Amino acid sequence: MFDDTALNISVTADKVWMRSCGRRRNNSLIIWPDEFTVFVVVAAAFVFLAGHFDSQISLHMRHTNSEFYAFLRNVTDAVKAHYYLIPAALIMVIISSCDWRCRNLQRQKLLVRSYERAAFIFVAILVPGIIVNIIKQCVGRGRPRTFDEFGAYIFSPFEFSHVFQSFPSGHSATAGSIGMIIALYMPAIRWPALIVFSFLGFARVAANAHYLSDVIAGYLIGAMMTLVFARWLASRSAMFRLMPNELFPVLKC
């Protein structure tokens, strides 16, 4: 039984590898266009500007009784990474355990496609989350709970304490990744998805867990890294295809 499972996993890995990393890259497709560089510079300036209003917005959230803010506080945990990582990982494990020898070609293609999409979700959420957590340790910004004692701009790098891990927001990075995943998988609701998940990221401010600049930075990191990952896959003709002068790759059927 163990040998059969190992064989199934090996076959799955081989088929996915040949559909993605095993393909030669199309050098005519630019993974990081000039527009991305401009966007990152503008986004960094926007995060810096938002930082000037962190104190006022945090105080406003703490002292304002609003049904909308209460709603945001209630839904803030909807973008916890493990809510998405665990199902994606389970799908990958289940498909890897399938006996490929009992499947016809069409079913094999369906399994590989499903595995790819689950793997994309897993990597697109996990990697930005790891990057964000590394940045958190290096920056060491105090969370809003330290505001009364230290203000909004207290930094204690490499403290390795939850209290000093405010910038950037991990929940918001997950929100950015999920919003971009939905935007790529379902282009018809691309912008509504990105907007809705930006509000879920903003919920971290309402929950008094982060400042506005933390949330903006986290959301943009998650969204941008997911988009760049999709473009990299498109350059290898894996999962996505990318048309010239288009920023968003299109999911293959």
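Which side chain does a polar contact of 3.2 Å join to that of H210? The side chain of H210 is joined to that of R143 by this contact, where a polar contact is a pair of N or O atoms within 3.5 Å, and within protein one must be able to donate a hydrogen and the other to accept it, while residues adjacent in sequence count only if both atoms are side-chain atoms. The model is predicted, and local features need pLDDT of at least 70, side-chain atom pairs count only at pLDDT 80 or more, and totals for chains, interfaces and linings use all residues. Residues are numbered from 1 along each chain as its sequence is written, and side-chain values use heavy atoms, with hydrogens and water left out.

**The chain as a whole**

- The protein chain has 10 helices and two strands, these being DSSP runs numbered from the N terminus (H or I over at least four residues for helices, E over at least two for strands).
- Read from the N terminus, the elements run α-α-α-α-α-α-α-α-α-α-β-β.
- Of the 253 residues in the protein chain, 44% count as buried, a term for under 20% relative accessible area with a 1.4 Å probe and protein chains only.
- When contacts (heavy atoms within 4.5 Å) between residues at least 6 apart in sequence are taken, 71% join residues at least 24 apart.

**Two buried side chains in loops**

- H210 lies in the loop between α9 and α10 (212-235), and it counts as buried because its relative accessibility is 2%.
- A polar atom of the H210 side chain lies 2.7 Å from the backbone oxygen of S166.
- Leaving aside residues up to four places away in sequence, H210 touches a set of residues including K136, P144, Q165, R204 and V215.
- R141 is found in the loop between α6 (105-139) and α7 (147-150), and with 3% relative accessibility R141 also counts as buried.
- The side chain of R141 has a polar atom 2.9 Å from the backbone oxygen of A152.

**Helix α4 against helix α9**

- Helix α4 (residues 67-75) packs with helix α9 (residues 190-206) at an angle of about 105°, and their axes are 8 Å apart, the axes being lines fitted to C-alpha atoms over the stretch in contact and the angles running from 0 to 180 degrees between N-to-C directions.
- The two helices, α4 and α9, are therefore roughly perpendicular to each other, a label for angles of 65 to 115 degrees.
- In this contact F68, Y69, L72, R73 and V75 of α4 meet F199, L200, F202, A203 and A206 of α9.

Terms used: Angles under 35 degrees count as roughly parallel, over 145 as roughly antiparallel, 65 to 115 as roughly perpendicular and the rest as oblique. Buried means under 20% relative accessible area, exposed over 50%, partly exposed in between (1.4 Å probe, protein chains only).
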